[in-house]
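Please prepare a briefing on the structure shown below.

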Amino acid sequence: NAASDATGSGTGVLGKKLTFNTTLNNGAYVLVDQSRGGGVETYSANNGSSLPGDLVSDADNSFTDKGQAAAVSAHYNIEKVYDYYKNNFNRNSYDNKGATLKSTVHYGNDYNNAFWNGQQMVYGDGDGRTFIPLSGSLDVTGHELTHAVTEYTAGLQYRSQPGALNESMSDVFGNFIEGNHDYLVGEDVYTPNTPGDALRSMSDPTKYGQPDNMSDYVHTGQDNGGVHTNSGIPNKAAYLTIESVGWDKAQKIYYRALTTYLSPRSQFSDARAALLQATSDLYGQGAEYNAVASAWDQVGVK
Ligand SMILES: CCCCC[C@H](S)C(=O)N[C@@H](Cc1ccccc1)C(=O)N[C@@H](C)C(=O)O
Ligand SMILES: [Ca+2]
Ligand SMILES: [Zn+2]
């Protein structure tokens with residue numbers, strides 16, 4: 001890949017000074033990092049909804065305007081997510097073929113969400129009460145890009161149990177990528193006026209209204225069959241697994257299960273089997289294997 005022309009700097013959503021790769025293009029610096037895979041490109045929808053919108057640019061390569069913060073964070077965080085998959089698993093972008101990583105910020109008005117639309121990541125600004133710009137949090141960017149990895153590997157359908165597994169894998173890898181061992185999801189951009197809370201907790205899903213056991217699985221037509229609710233069950237199993245086998249082994253087990261054994265219609269019980277098989281492949285059927293079995297026993301999935 002062409003080396004990026006320049007190293008830009010700017011202020012992110014949380015007020016931190018960040019540096020990242022940019023490219024000089026027709027006399028302005030754009031948020032294009034040509035050094036990673038097929039590139040990292042960050043756009044703005046300018047609070048509209050047409051995608052991808054406009055490449056974010058700056059005359060002097062110093063992205064310090066308030067209106068640039070969401071783009072700065074997205075660009076910086078996606079570089080980190082690219083590096084996570086490359087450095088830990090030698091995966092070159094979500095398709096393992098160096099697909100360009102496109103993100104659009106300032107999507108919609110007061111939009112309290114972020115998503116992967118099959119081609120790119122999209123981030124809302126939040127309404128300032130429920131969320132601040134969602135690209136500000138590494139676990140959100142990790143969550144969204146992991147949907148792309150899942151799409152190109154397990155292909156878990158986005159509804160009912162496969163959908164809850166899909167959501168859980170995004171939370172699990174968002175947690176690994178963020179690396180702060182708090183098992184909280186979205187805490188950095190959620191409810192700015194309420195310190196210490198989060199959108200979800202993997203260690204105690206019930207704290208934010210999710211079930212943590214199959215006996216409390218929520219059957220609903222809402223939210224594609226409750227994918228953001230029932231993800232609490234596999235999230236709890238992941239928390240128990242990580243705490244038992246340790247961060248590094250758990251990452252390898254989860255990556256192998258996601259990319260080798262899970263498939264579009266996998267149910268929770270299939271996830272248990274996939275994770276056990278991955279553990280057996282990597283570490284045999286000893287302590288790690290028993291830890292994974294115990295984790296899924298504890299959430300009521302055989
Ligand atoms: C288009 C509507 C559906 C959105 C689905 C996306 S993938 C999603 O799950 N988004 C995450 C965003 C996120 C991730 C980590 C931390 C905080 C917020 C999500 O969990 N969205 C919640 C708010 C939801 O859609 O219920
Ligand atoms: Ca977190
Ligand atoms: Zn999601």
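Predicted model: local features only at pLDDT ≥ 70, side-chain atom pairs only at ≥ 80, totals over all residues.

Residues are numbered from 1 along each chain as its sequence is written, chains are lettered from A and ligands numbered from 1 in the order in which they are written, and side-chain values use heavy atoms, with hydrogens and water left out. Helices (H or I, at least four residues) and strands (E, at least two) are DSSP runs, numbered from the N terminus.

- Helix H2 holds both His143 and His147, which are four residues apart, or about one turn of the helix.
- His143 and His147 are both buried, where buried means under 20% relative accessible area, exposed over 50%, and partly exposed in between (1.4 Å probe, protein chains only).
- Leu184 counts as buried because its relative accessibility is 17%, and Glu187 is buried with a relative accessible area of 14%.

**Pockets**

- On a 1 Å grid over the protein atoms alone, a pocket is an open set of points with protein on both sides within 12 Å along at least five of seven lines, while a cavity is a set where a 1.4 Å probe fits but cannot get out; lining residues have an atom within 4 Å of a point.
- Grid points are joined across faces, edges and corners, and a volume is the space filled by probe spheres set on the points.
- The largest pocket has a volume of about 510 Å³.
- Its lining has 27 residues, and Ala114, His143, Glu144, Glu167 and His228 lie nearest the centre.
- At least two lining residues of the largest pocket come from each of strand E10 (114-116), H2, H3 and helix H4 (223-230), and H2 supplies the largest share, seven residues.
- By class, the lining of the largest pocket has eleven nonpolar, ten polar and six charged residues; Ala, Val, Leu, Ile, Met, Phe, Trp, Tyr, Cys and Pro count as nonpolar, Asp, Glu, Lys and Arg as charged, and the others, Gly among them, as polar.
- The second largest pocket has a volume of about 200 Å³, and Leu14, Lys16, Tyr76, Asn77 and Gly136 lie nearest its centre among 14 lining residues.
- H1 gives the largest share of the lining of the second largest pocket, three residues.

**Cavities**

- There are two cavities of 30 Å³ or more.
- The largest cavity holds about 40 Å³ of space, and its lining includes Leu165, Met169, Tyr254 and Trp296.
- H3 (160-178) and H7 (268-283) each supply at least two residues of the lining of the largest cavity, with H3 giving the most, four residues.
- The lining of the largest cavity has eight nonpolar residues, one polar and no charged.
- The second largest cavity has a volume of about 30 Å³, and among the residues lining it are Tyr82, Tyr85, Leu101 and Leu145.

**Nonpolar core**

- A nonpolar core is a set of buried Ala, Val, Leu, Ile, Met, Phe, Trp, Tyr and Cys residues joined through side-chain atoms within 4.5 Å.
- The largest nonpolar core has 74 residues, and Tyr85, Phe173, Phe176, Tyr254 and Trp296 have the most contacts inside it.
- H1 contributes the largest share of this core, ten residues.
- Leaving aside neighbours within four places in sequence, Phe173 is in contact (heavy atoms within 4.5 Å) with residues including Tyr84, Tyr85, Phe89 and Tyr254.

**Backbone geometry**

- The peptide bond from Leu51 to Pro52 is cis, with omega near 0°, and Pro52 is in the loop between strand E5 (40-44) and strand E6 (54-55).
- Asn46, in the loop between E5 and E6, has a positive phi near 50°.
- Asn47 has a positive phi near 65° and counts as partly exposed at 33% relative accessibility.
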